[in-house]
Amino acid sequence: MKGPALLFLSLLSLGCVTGQVSYTIPEEMSKGSLVGNIAHDLGLQTKRLLSGKARIYTRSSDEYIELNRERGVLLVKERIDREALCKQTTPCALHFQIILENPMEFYTVTVQIADVNDNAPTFKRNEINFKISESATTGAKFVLERAVDLDVGINGVHGYDLKPTDNFALKVHSHADGNKNVEMVLQKPLDREKQEQISLVLTAVDGGEPQMSGTMMIVITVLDVNDNAPVFTQSTYKATVTENSPKGTVVATVTATDADQDSNAKITYSITNTDDDRKVFEVNEENGEVILIGNIDFEESRNYQINLLASDEGGLTDSCKVIVDVQDVNDNKPEINIMSKSTVISEDAKLNTVVTMINIEDKDSGENGNVKCFINENMPFNLKSSTNAFYSLVTDSELDRERSSEYNITVTCSDEGVPSLSSSVTLTLQISDVNDNAPVFERSSYEAYIVENNTPGLSVFTVKARDADWNQNARVSYILEDSSVNGVPVSSYVSVSADSGVIHAVRSFDYEQIKDFHFRVKAQDGGSPPLSSNVTVKILIQDQNDNPPQVLYPVQTGGSLVAELVPRSADVGYLVTKVVAVDVDSGQNAWLSYKLQKATDRALFEVGSQNGEIRTIRQVTDKDAVKQRLSVIVEDNGQPSRSATVVVNVAVADSFPEVLSEFTDFTHDKEYNDNLTFYLVLALAVVSFLFITCVVVIISVKIYRWRQSRVLFHSNLPVIPYYPPRYSDTLGTGTLQHVYNYEVCRTTDSRKSDCKFSGAGSQNVLIMDPSSTGTMQRIQSEKSILDEPDSPLEVS
């Protein structure tokens, strides 16, 4: 049968719901019996019980009640014996909690166990013997053993009946605590001569339905002349004992006196309590000391009542009781019970999110049972207390997995006893990651260098970004952002490995075309949504010595010969000409040096290693050959160095006839004497001979003017070769220390082109044309154009 259900619901400020429900059921109900409709009484739907994974939480290991989530009811799980569960304690109740998750809720349920009359009163002994003197006076009292009924309340011992009642009457004394003393009172004097032994039957009945009873046989032996009974000095003794006191401790001492003498005055003390009390205390039969023989636990029993009997040898007795109060000591640590907990929480969890529910219990009382709990410091969590010794561990501040990915939270609970006892438990909580950190490059910008003429696909540089997040949120991919370099997409210059951030050159670079360029690389993580950051990468092209020097002056053609004229009166240091060369490389790859490779007379000329100036190193003499051929090599400073060779023809003479006689075969140097050249020169010589015959007449006419011009050659003024305008010396470290402009003119036959330099210095430049009549011509024109400069340069 189901008793009335009492429902209490209250909302707490912790974000979880608590409440209390009470039921009353009789003991000995069969398994599966209905206790109550918990869903209805709590105002919950059964689907909430299913989704919240409702379960029963109990502190004890025995579970007598089970929850049927599908029906939303409580059922009897195991047979409930009230006497085994609670003994004589009333009321007898089962306490447990109903726990729900998502969101977390818990409810306290109390099931009171009502007693049924399933135990009959019993006596400790089936038979008790009394020795009573025949001189016992009317009204003499004899204390009888009380019956014990494991049931309580109305089902307990209700009354006693003594038969027969010829000599004795039954008297029952009820105490305020509910206990009853049973006495047998002599109402008619005994006569040993008439009846030496009397047998009585004491019957104890309970008040249950149906009524149950138990009996004990009383055998009375009538003695002769012992007319005084023992008398206790007090009817009630009080004593105090501390729990956990050692065995053998004297709790109290009782005293009884007997007015008789000799053997009739010898008193014997005994305990008339049930077996449970006899296991804890005993009395010294001779001196009345009540001694502790068992363990006393305040949490099991806070007081004891010991019923003592004083008997003399004549069978006369008196009774008293000893009330023993047990004092509590702080001998129990607080018990920490984890009701429900989370092992993982997201780092973006809101404040006051419940992480763990904890129940605290201390079996001590008073200050010894007052418990306070706390957690270790510097934690982003707080322990909040609720009713009935329940605590909630909640988030107290924002979490950051990158700062701390795991917390070991130690919950410590201490009571207020002296000395204080404490317990602790450590909870491990993992912080799950959210994508709240963008990738960060190791540098704010990057510069990388690559040597020109590289192989396509060459690894140039590696950019690296790190993400403080974890797993997929920290997986960084690299992306080349769209941009252009000189109007060309940057993707045609470089590529970026998405996984490693390695930058590869897509093409081969030419320093002379592009010296540097920049682009942006984006680092993006794998979170959802993804986060990214950018960085600028600048690629600098390094020069390589891949271009040889180019000789700008003197310009040589295959069809005409250019000769620098040096008068025989030239002094030491006379400037013959200047070799002008450039190198399109940069830096030390463009630093040029000049040296004389071959010369007709090495003792006559030298070349400036830095400026390329050809000067005389001694006085020109008449013995020096008119025809001088110099081979100058121009080298850059690269590794390895590259070079170019130029041939400079020099005429050492004071008159044109002298030059003419020496230069008729000037162009037939051994290095050009192959078969083809031989036949061409031979044909040219025949034509030139006829032409010179005609020209001699013209020369004779102009001989006078020619003699006047000799004055110039015999003067001390040096003959300075022509240097094109707008080329000035520079002190920089560029391609050349001297820069030159030059103008050339060519005919349709480039190998017969004339090279003409404008300016005053051109008066000392001779052009030898094999197709002419052999006459030396002074080049005075200021501008000429050369279509194809085929200088006989030896490039290495």
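Residues are numbered from 1 along each chain as its sequence is written, and side-chain values use heavy atoms, with hydrogens and water left out. In this predicted model, local features need pLDDT of at least 70 and side-chain atom pairs count only at pLDDT 80 or more, while totals for chains, interfaces and linings use all residues.

The nonpolar cores were examined first. A nonpolar core is a set of buried Ala, Val, Leu, Ile, Met, Phe, Trp, Tyr and Cys residues joined through side-chain atoms within 4.5 Å. Buried means under 20% relative accessible area, exposed means over 50%, and partly exposed lies in between (1.4 Å probe, protein chains only). The largest nonpolar core holds 29 residues. F517, F519 and V521 have the most contacts inside this core. Seven strands are listed as each supplying at least two of its residues: β34 (445-451), β35 (459-462), β37 (477-480), β40 (494-496), β41 (502-505), β42 (516-524) and β43 (532-542). Strands (E, at least two residues) and helices (H or I, at least four) are DSSP runs, numbered from the N terminus.

F517 was followed through its contacts (heavy atoms within 4.5 Å). Residues up to four places away in sequence are not counted. F517 then touches V485, Y493, V494 and F509, as well as V537, K538, I539 and I541.

Two strands pair if DSSP finds at least two bridges between them. β12 and β13 (residues 180-186) run antiparallel and are joined by 7 bridges. F168 has L186 of β13 as its bridge partner.

Charged pairs were considered next. Side chains of opposite charge can pair when their charged atoms come close. A salt bridge is a side-chain nitrogen of Lys or Arg within 4 Å of a carboxyl oxygen of Asp or Glu. By this rule there are 18 salt bridges. One of them joins E78 and K31, at 3.7 Å from N to O. E78 lies in the loop between β6 (73-76) and α3 (82-86), and K31 in the loop between β2 (17-26) and β3 (34-36), so the pair ties together parts that are 47 residues apart in sequence. E78 is partly exposed, at 34% relative accessibility. K31 is exposed, at 57%.

R48 and E105 also meet through their side chains in a salt bridge, at 2.5 Å from N to O. This pair links distant parts of the chain, with R48 in helix α2 (residues 46-51) and E105 in strand β8 (residues 105-114), 57 residues apart. R48 counts as buried at 16% relative accessibility, and E105 counts as buried at 9%. A further salt bridge joins R618 to D624, at 2.7 Å from N to O. Here R618 is partly exposed, with a relative accessible area of 23%, whereas D624 is buried, at 8%. E28, R79 and D81 are linked in a network of salt bridges.

The whole structure contains 2 disulfides. A disulfide is a pair of cysteine sulfur atoms within 2.5 Å. C86 is joined to C92, with an S to S distance of 1.8 Å. This link is right-handed, with 65° about the S-S bond. C86 is buried, with a relative accessible area of 13%, and C92 is buried, with 3%.

The sulfur atoms of C373 and C413 lie 2.1 Å apart in a disulfide. The link of C373 and C413 is right-handed, with 110° about the S-S bond. C373 is in strand β28 (residues 371-375) and C413 in strand β31 (residues 406-415), distant parts of the chain 40 residues apart. Both cysteines are buried. With the bonded cysteines numbered in sequence order, the pairing is 1-2, 3-4. Elsewhere, C320 counts as buried at 6% relative accessibility, whereas C694 is exposed, with a relative accessible area of 54%.
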